[in-house]
Amino acid sequence: MEITVTVNGVERTADVEPRMLLVHLLREELGLTGTHIGCDTSGCGACTVLLDGTPVKSCTMFGVQADGRSLTTVEGLASGAELHPVQAAFKEEHGLQCGFCTPGMMLVGAALLEDNPMPTEDDVRVAISGNICRCTGYMNIVKAIQAAARARAGTAEPLVAEPAAPEPVTA
Amino acid sequence: MLPSRFEYHRAGTLDEALSLLGTYGDDAKVLAGGQSLIPMMKLRFAYPEHLVDVNRVPGLDDLEERDGVLRIGALVRHATLASSELIRSRYPTIATAAPQIADPLVRNMGTIGGSIAHADPAGDLASVMLSLGASVVLRSASGSREMPIREFLVDTFTTAVEPDEMLTEILVPAAELRSGGTYLKLERKVGDWATVGVAVSLTLRNGSIGRAGIALTGVDLTNVQATEAESALAGAEPTDEAFADAGRLAAAAAHPVSDVRGSAEYKRNVIEVYVRRGLAHARDTPSAA
């Protein structure tokens with residue numbers, strides 16, 4: 001079956017079997033391997049993509065269901081060389097270790113900030129509760145998404161403190 | 001994991017979907033949110049030859065209160081139930097259950113019709129709807145019928161839907177003045193099946209209990225209504241003692257099994273506590289309606 005999907009703003013067509021899962025369409029037909037396959041049973045969230053802006057698990061959806069719709073994968077977060085605020089914050093706040101869950105975590109974070117520009121820690125923890133990380137203990141992921149919120153709002157504390165100017169010595 | 005091969009049909013209208021179901025009958029399954037069906041197909045527990053995708057059928061996701069009935073289209077997603085102002089202000093049992101279903105990503109896709117028609121006794125919404133005395137609308141190319149959800153749920157993964165029929169709507173009696181409710185769920189972690197779930201819906205009339213609805217998740221072959229506990233409460237004073245008795249009756253009526261989530265004895269105890277706690281909460285926080 002021939003389908004057309006807009007992936008990261010680019011219209012792509014593919015001829016796929018109906019049983020092909022969306023994650024395989026992205027990885028194998030369209031060559032976008034940033035979307036990972038983890039549990040393959042809709043438990044872990046490694047395969048998260050945004051379907052018309054909403055996070056879904058691409059291992060639990062058929063590619064043909066995405067026909068005519070718009071998808072964002074991790075490859076679509078940055079604009080050229082400029083990282084998405086969530087990506088920049090994951091880098092600065094050490095929001096990843098092995099990186100396997102990271103595409104899903106960042107997409108969920110980016111979608112959350114579209115709906116809720118200044119989420120509380122609880123809001124973030126609920127939003128990422130369908131995504132499993134086995135490295136970080138989640139602390140720095142939560143910190144990163146909140147730091148991205150502050151950066152977007154322009155209220156960020158500098159991530160690296162400027163060295164304080166020495167006190168003038170007065171005799 | 002790949003499911004076995006199937007033919008994919010995207011229905012543009014409800015009539016088209018029903019006509020496809022009429023043609024393929026038992027060889028077809030309805031694809032809505034897919035959050036239970038697709039995993040089952042990947043595990044080859046299900047291998048339908050035809051999938052009828054209803055995700056783009058207009059009107060199937062309507063959610064409105066009309067003529068004393070809350071009408072929930074089969075395609076209404078859990079995330080929509082969780083964020084709906086109508087549900088939050090007037091249907092606390094649904095409003096508290098929706099954000100506890102699976103995880104946020106699954107809730108973005110999963111639908112109420114799919115959850116109820118899947119008839120997994122660990123599903124949350126069927127208990128909620130039992131407690132509210134809801135009905136389902138089943139449509140086929142040749143007509144439509146309405147049935148209390150209690151009759152619709154026949155057995156584990158088995159409902160009264162005929163092969164050419166589709167569950168299109170859930171009908172809930174509109175919330176009365178001074179009604180309350182809640183859904184309490186014990187789970188080991190987000191996304192796990194409920195160890196125990198308890199749905200409670202309570203209506204108060206002149207200081208007494210009008211109608212009490214109590215239904216249980218994950219402790220029997222279907223979602224089960226605690227009818228003895230409900231009858232004991234109807235017309236009674238809403239006292240802590242009456243609620244404690246109802247908790248004991250509900251626990252006695254369940255058939256939990258010992259498994260990795262806990263012993264049968266433990267689950268019975270959770271039912272007793274949750275029914276008592278849920279009823280007290282419903283009494284103390286009635287909606288203004």
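Guide: Two residues are in contact if their C-beta atoms, placed from the backbone, lie within 7 Å. Keep that handy for this predicted model, in which local features need pLDDT of at least 70, side-chain atom pairs count only at pLDDT 80 or more, and totals for chains, interfaces and linings use all residues. As for names, residues are numbered from 1 along each chain as its sequence is written, and chains are lettered from A and ligands numbered from 1 in the order in which they are written.

Visitor: Okay, which residues does A:Gln87 touch, not counting those up to four places away in sequence?

Guide: A:Gln87 touches A:Leu77, A:Ala78 and A:Met106. You'll find A:Gln87 in helix H2 (residues 85–92) of chain A. Helices (H or I, at least four residues) and strands (E, at least two) are DSSP runs, numbered from the N terminus.

Visitor: Why does A:Gln87 count as buried?

Guide: Check the cut-offs: a residue is buried if 20 or more other C-beta atoms lie within 10 Å of its own, exposed if 12 or fewer, and partly exposed in between. A:Gln87 has 20 C-beta neighbours inside 10 Å, so it counts as buried. In chain A, buried residues make up 49% of the 171 residues.

Visitor: What pattern does chain A follow along the sequence?

Guide: That's β-β-α-β-β-β-α-α-α-α, with five helices and five strands. The C-alpha trace of chain A spans about 85 × 30 × 25 Å along its principal axes.

Visitor: What makes something a nonpolar core?

Guide: It takes a set of buried Ala, Val, Leu, Ile, Met, Phe, Trp, Tyr and Cys residues joined through C-beta atoms within 7 Å. The largest such core has 140 residues, and B:Ala250 and B:Ile271 touch the most other members. Helix H3 (residues 102–115) of chain A gives this core its largest share, eight residues. Beyond its neighbours within four places in sequence, B:Ile271 has contacts that include B:Val196, B:Leu216 and B:Ala250.

Visitor: How do you know that E13(B) and E14(B) pair?

Guide: Count bridges: two strands pair if DSSP finds at least two between them. Strand E13 (residues 208–217) of chain B and E14(B) have two bridges, in the antiparallel sense, so by the definition they pair. They belong to an open sheet of four strands, in the order E11-E12-E13-E14 (chain B).

Visitor: Why is one side of E11(B) and of E14(B) left without a neighbour in the sheet?

Guide: Strand E11 (179–186) and strand E14 (224–225) of chain B stand at the edges, so each has a single partner strand.

Visitor: How do you know that the length of H11(B) agrees with what it should span?

Guide: The expected span of a helix is 1.5 Å times one less than its number of residues. Helix H11 (residues 240–253) of chain B has 14 residues and should span 20 Å; its end C-alpha atoms are 20 Å apart, so the two agree. Its buried residues include B:Phe243, B:Leu249 and B:Ala250, and the buried residues of H11(B) pack against E13, helix H10 (227–233) and H12 of chain B.

Visitor: How many residues of chain B are in contact with chain A?

Guide: 21 residues of chain B are in contact with 21 residues of chain A. H6(B) gives the largest share of the chain B side, five residues. That side divides into 12 nonpolar, five polar and four charged. Here Ala, Val, Leu, Ile, Met, Phe, Trp, Tyr, Cys and Pro count as nonpolar, Asp, Glu, Lys and Arg as charged, and the others, Gly among them, as polar.
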